[in-house]
Amino acid sequence: AVHTRDQIELPPPAIDNRLTVHPLWPEIDRISTEQIQAAFEGVGGEIGWQLFAEEGDMRMYRREVEVDGMVMDPLKAMHKVRGVSAREMCHYFFNPRYRYEWETTLEQMTIVEEISSDALVFHQTFKRIWPASQRDALFWSHVRASSENTFAVTNHSTTNTEYPANSSACIRLFVTVCLACRSTYPAGEQPTRDNITTSIAYCSTVNPGGWAPAGVLRAVYKREYPKFLKRFTGYVVDQCKDKPLAI
Ligand code: 18C
């Protein structure tokens with residue numbers, strides 16, 4: 001019974017009709033399409049990507065970007081995970097039910113709007129880093145099947161009059177994140193936990209929204225991104241190991 005429930009809530013194979021009639025749909029569709037395409041472009045040909053973390057199959061690159069003295073370094077991470085599918089990976093990233101179990105920077109998550117089975121709007125507050133002010137974010141999150149054996153989640157900042165920016169002790173940050181996943185298994189075989197591999201491309205750009213010391217910020221970045229990707233992928237492998245593979 002547990003398995004059946006989980007299956008129903010897996011990312012749908014096609015866009016939910018309720019999403020396509022929502023006012024945010026044109027923006028969600030455009031940004032998701034752009035982000036998924038960019039996620040699968042390599043870092044090799046582009047100038048400026050520097051490798052800053054490497055562990056097993058995980059590689060993390062960043063570009064140093066400052067706008068008016070504020071650090072907005074884009075991040076691009078690649079990883080390979082055996083034994084889980086792209087769809088499962090995206091299910092655990094998108095579904096708020098699991099978020100507190102893997103997201104270590106989170107203080108509080110609120111679901112602001114349930115647009116459809118594949119799109120939600122979240123308000124999140126993050127743990128405070130001394131000596132900077134606490135941050136919060138308001139963003140839509142959309143999961144979709146893209147090409148063959150490929151699923152992706154895109155998160156992007158938005159606004160909502162009931163959640164105005166900078167009205168509490170929190171400074172609003174702005175985020176664009178994409179987790180794009182593609183599964184492969186040997187040609188002519190059925191996919192199983194033993195022969196499936198999922199390639200992950202995770203891209204993130206965070207605008208801190210207000211003053212934050214560059215040194216502290218880059219140190220947090222360097223520590224927290226590898227921690228997140230290792231913890232999240234490990235969590236998904238662990239959650240999936242006794243469940244039937246969902247493609
Ligand atoms: O993508 C991830 N998570 C998703 C679900 O939550 C979603 C979230 C995006 C928000 C990312 C911004 C996180 C800011 C965290 C601020 C403080 C955390 C401190 C924690 C210390 C224990 O897409 C996974 C996200 C993994 C995030 C890694 C950290 C990135 C840091 C980037 C700099 C943030 C600037 C904030 C200013 C802080 C002042 C020094």
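**Close-up views of the ligand site**

**View 1. Asn 155 and the ligand.** In this predicted model, a polar side-chain atom of Asn 155 is 2.8 Å from an oxygen atom of the ligand. Asn 155 is also listed among the closest residues around the ligand, together with Phe 93, Glu 103, Gln 124 and Tyr 202.

View 2. The side chain of Glu 103 has an N or O atom 2.6 Å from an oxygen atom of the ligand. For Tyr 202, an N or O atom of the side chain lies 2.7 Å from a ligand oxygen atom. On its own the ligand would expose 900 Å², and the protein buries 95% of that area.

**View 3. The shell around the ligand.** In total, 23 residues surround the ligand. Of the residues in this shell, 14 are nonpolar, three are polar and six are charged. The space that the ligand takes up is the largest pocket.

View 4. At least two shell residues come from each of the helices α5 (99-102) and α6 (214-240). The strands β7 (119-126), β11 (174-184) and β12 (197-207) each supply at least two as well. Helix α6 gives the most, with five residues.

**View 5. Helix α4 and Phe 93.** Helix α4 spans residues 86-94 and is mostly covered, with nine of its nine residues buried. Among them are the charged residues Arg 87 and Glu 88, as well as Met 89, Tyr 92 and Phe 94. Phe 93 is another buried residue of α4, and Phe 93 is also one of the closest residues to the ligand.

Terms used. Residues numbered from 1 in each chain as written. Predicted model: local features only at pLDDT ≥ 70, side-chain atom pairs only at ≥ 80, totals over all residues. Heavy atoms only, no water. Near = heavy atom within 4 Å. Polar contact = N/O pair within 3.5 Å; in protein donor to acceptor, adjacent residues only side chain to side chain. Areas by Shrake-Rupley, 256 points an atom, 1.4 Å probe, with all protein chains shown as cover. 1 Å grid on protein atoms, 1.4 Å probe; cavity = no way out; pocket = protein on both sides within 12 Å on 5 of 7 lines; lining within 4 Å. Sits in = over half its atoms within 2 Å of the grid points. Helix = DSSP H or I, 4+ residues; strand = E, 2+ residues; numbered from the N terminus. Buried < 20%, exposed > 50% of the residue type's maximum accessible area, 1.4 Å probe, protein only.
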